Amino acid sequence: MSSSTPQYPPLNPSQLIQTITTLLSSSKSLPKSTLKSYLPHLTLPIIHSILSSPTLSSHPTTLFSFFQWSQSHIPSLSTHPLPFPALPPLLSSLLSHRKFKIAKSLLLDFIPSDHPQHLLHRHLLHPISSFPQPSRDLLDTAIGSYCQCEQPHLALQIFKKMKRLRMCPNLLTFNTLINALVKYPSTHSVDLCNELFNDVIKLRLAPNTNTFNILIRGYCLVYKFKDANGLLNRISEFGCVPDNVSYNTILDGLCKKGRLNDVRDLLLDMKGKGLVPNKNTYNILVHGYCKMGWLKDAAQVVELMTQNNTLPDLWTYNMLIDGLCNEGRIDDAFKLRDEMVGLKLLPDVKTYNTLINGCLDNKRSSEAFDLLEEMNKKGIKCDEFTYNTLIKWYCKEGKVEKAREVIQRMEEGGLCPDCVSYNTLISAYCKAGNLSEVLRIMKRMGEKGLKMDNFSLNTMLHTLCQERKLDEAYELLSVAHTRGYLVDAVSYGTLIAGYFRCGNMEKALNLWDEMKEREVIPTIITYNIIIGGLCKSGKTQLAIAKLNELLEKGIVPNEITYNTIIHGYCWEGNIEKAFQFHNKMVENSFKPDVYTCNILLRGLCREGMLEKAIKLFNTWIDKGKTIDVVTYNTLITALCKDQRLEDALGLVAEMEEKNVQRDKYTLNAIIGALTDAGRLKEAEEFMSNMTEIERPSDQRLQMDNREHELTAESSHELDPSSIAYSQQIDELCAEGRYKDAMLIYAELTQRGIALQKSTYFTLIKGLIKRRKSVSKAG
């Protein structure tokens, strides 16, 4: 005779609730077999009543076990973590018996499903009288749970309620909250965290070193190093001591911004506090030096590591390989990879990614694809960076369709294209003038829940500046700032460069002042842009003032900085000052390169100082320094103008001996001089012997495609229906009806109707405006 679950007489809901409540309260463990007999009669309201029973509130473990059992046996419960009405009583029971871990697991299950109603959050802020009032423990646990669910703005509101009630969160919860806010993409996050810190001090919560480390990291993320250093000095006031993490965080930020003078000062301060640099410290320094191209200094740090019994790890080698690749020393990078293998440090996906990127950047694509094969054979899976590197290379080569195929392969391999993937495509289509594709990608990013980051913004700013639409670019910059984008030095630098390019120095300088007012820290690249703009505007002395400013801030100038100022003096015809500045900078470790030589050479030739130019040329060669086709062409052109044709022809022969490829400028200078001298036959022979310079076929095809796109776009812009639809969309956007505008755009896309270029910009700006500002979200 087969056994079966006993069936009990039907009970009304009230009797069923009472029976199960009594059964659960009298059992030491969950009576699963008995409960199973009541299963056909259990509905959500009945389960809710059981979970809310005052009798069972003193049995939190049994209550939670019953809930889990119900979830696994009742389909409607398995698709929803818990009906809201049952949650507050269950949480109250669990927390009153200090079952924090179980309570938090319930919250983490419930919070994602509570969007967008936010029933729990509303109850926590404005309690419903029929439910147990939220306790300090519940509010505290909820803050951590909302942070873990990536909703720190909701956690912040709960903290503010605790503050009003004079309830103090525990230290771990507070640290979790400020850590989540620091990660939150907002320009106000750090100021907000500082405000919260002052609030908890008033609530008599004692911070620990980790609290300060989180705040320091927040300041460093927005490059407020002065404030970060200020916290280091304040930490002792609260009975805390800075640790390696405190210093390493600031060191990392300074290295990333190239402020190596400040790095040295901070290291001295660190040692003065009795802290010994650890592996992370050394690796940060290696990374900083490699980023600046100071590979010898990076190698010295590695030597110092080994002397202090700290062995370089995979991360250290990856940084050194990256530094070598950035300098174009690919063969040395491969040797270092082999050295790693000898030390039993197996190259990882980062190592391969760095080498692949280095090979592609240095026109060694066949080796890059060999490395991809090697990865496959060794079972090292490609990651997002690998695919993004390939996408970037294909876009750079003008093979955008190939880049799209990589995105498809990426998705087939189980990886999701990220902002970098799409932003690279956006950049490529912007350069090609294909704004309809830009809009399509930005729309797709929104559908995938990907936020358009400041890279997208900067790409659009660059495109607008290239189109000389500077008013639209400035408007986009202002809108982005109010919508919570982290408008950075690149954003401002792009627009400043645009103003200088259009000859509007006043607006460029005003924007520079605005950038500083908004506490956006300029990088060496931003300084190079303003120095370059001032020099081209004939304001080299103002450029020198900017050079002194960046030096005072501890930013290390690079060759571009020095070459730009030398070029500025030459442009003004002040050759003497150019050489004085050059000599002074050489004394300060500036290493002149071929660009320096070409600038000075062109300046001398332009001012008619040909003999001095020849002397500089010969001195440069005697020192074994690199010269290029521009060097030769500058001197050849000057010699031809001075009717020293034989000397010019001698340099042409020298170019051939040294395998320096002659170009159209060489041809024009020599042919012109021979023709002027009446040596027509020699001119014809020179022309026939000159190697024809042709564009690569794929580049020519790309240019043809670009021409076709522009022609096609122009023809569409002349279409009356395109103009009418464009105006309609512009009007909707002006009224803030972006959703309606996008619906019309989608319909037009299906019908193959293009829009005016300005309308695409309007729609793209609309997508940015639709993103709620962070202050609103908070």
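Reader: Is Phe-369 buried, exposed or partly exposed?
Author: In this predicted model, Phe-369 has a relative accessible area of 31%, so the residue counts as partly exposed.

Reader: And which ring does Phe-369 pair with, and in what geometry?
Author: The partner is Trp-393: the two ring centres are 5.8 Å apart and the planes meet at 70 degrees, and because that angle is over 60 degrees the pair is classed as edge-to-face. The two residues come from distant parts of the chain, with Phe-369 in helix 22 (residues 365-377) and Trp-393 in helix 23 (residues 384-396), 24 residues apart.

Reader: How accessible is Trp-393?
Author: Trp-393 has 11% relative accessibility and therefore counts as buried, the limit being 20%. Its ring also pairs with that of Tyr-394, with centres 5.2 Å apart and planes at 55 degrees, so this pair is described as tilted. Tyr-394 is buried, as is Trp-393.

Reader: How many aromatic pairs are there in the whole structure?
Author: The search over the whole structure gives 13 aromatic pairs. Elsewhere in the chain, Phe-197, Phe-212 and Phe-238 make up one aromatic cluster.

Reader: Let me step back to the overall fold; how many helices and strands are there?
Author: The protein has 45 helices and 0 strands. Of its 778 residues, 48% are buried, and the protein exposes about 39,600 Å², of which carbon and sulfur atoms supply 52%.

Reader: I'd like to look at one helix in detail, say helix 11; how far does it reach?
Author: Helix 11 covers residues 171-183, which is 13 residues, and the span from its first C-alpha to its last is 18 Å, close to the 18 Å expected at 1.5 Å a residue. At the start of this helix, a side-chain oxygen of Asn-170 comes to within 3.1 Å of the backbone nitrogen of Leu-172.

Reader: What do the buried residues of helix 11 pack against?
Author: They pack against helix 9 (136-148), helix 10 (152-164), helix 12 (189-202) and helix 13 (209-221). The buried residues of helix 11 include Phe-174, Leu-177, Ile-178, Leu-181 and Val-182, and also the polar Asn-175.

Reader: That asparagine interests me; which polar contacts does the side chain of Asn-175 make?
Author: The side chain of Asn-175 makes a polar contact of 2.8 Å with the side chain of Thr-211, and another of 3.3 Å joins it to the side chain of Asn-208. With a relative accessible area of 5%, Asn-175 is buried. If its neighbours within four places in sequence are left aside, Asn-175 is in contact with Asn-208, Asn-210, Thr-211 and Ile-214.

Reader: Changing topic, how many disulfides does the count come to?
Author: The count comes to 0 disulfides. Take Cys-147: the nearest cysteine sulfur is that of Cys-149, 9.4 Å away, and Cys-147 is in no disulfide. For a pair to count, the sulfur atoms would have to lie within 2.5 Å. Cys-147 is buried at 8% relative accessibility, and Cys-535 is buried at 2%.

Reader: Now the backbone; what is phi at Lys-344, and where does that residue sit?
Author: Phi of Lys-344 is near 65 degrees, a positive value in a residue other than glycine, and Lys-344 lies in the loop between helix 20 (330-342) and helix 21 (349-361). Most residues other than glycine have a negative phi. Lys-344 is exposed, with a relative accessible area of 73%.

Reader: And what about phi at Glu-519?
Author: Glu-519, which is not a glycine, has a positive phi of about 60 degrees. Glu-519 is placed in the loop between helix 30 (505-517) and helix 31 (524-536), and with a relative accessible area of 46% it is partly exposed.

Reader: Last one: what does Ala-669 touch?
Author: Not counting residues up to four places away in sequence, Ala-669 touches Ile-636, Thr-637 and Cys-640. Ala-669 belongs to helix 39 (residues 664-676) and is buried, with a relative accessible area of 13%. Its C-alpha is separated by 8.6 Å from that of Lys-641, 28 residues away along the chain.

Methods
Residues are numbered from 1 along each chain as its sequence is written. This is a predicted model: local features need pLDDT of at least 70, side-chain atom pairs count only at pLDDT 80 or more; totals for chains, interfaces and linings use all residues. Side-chain values use heavy atoms; hydrogens and water are left out. Helices (H or I, at least four residues) and strands (E, at least two) are DSSP runs, numbered from the N terminus. Buried means under 20% relative accessible area, exposed over 50%, partly exposed in between (1.4 Å probe, protein chains only). Accessible areas come from the Shrake-Rupley method with a 1.4 Å probe; for residues, only the protein chains shown count as cover. The expected span of a helix is 1.5 Å times one less than its number of residues. Contact means heavy atoms within 4.5 Å. A polar contact is a pair of N or O atoms within 3.5 Å; within protein, one must be able to donate a hydrogen and the other to accept it, and residues adjacent in sequence count only if both atoms are side-chain atoms. Rings of Phe, Tyr and Trp (its six-membered ring) pair if their centres lie within 6.5 Å; planes under 30 degrees apart count as stacked, over 60 as edge-to-face and the rest as tilted.
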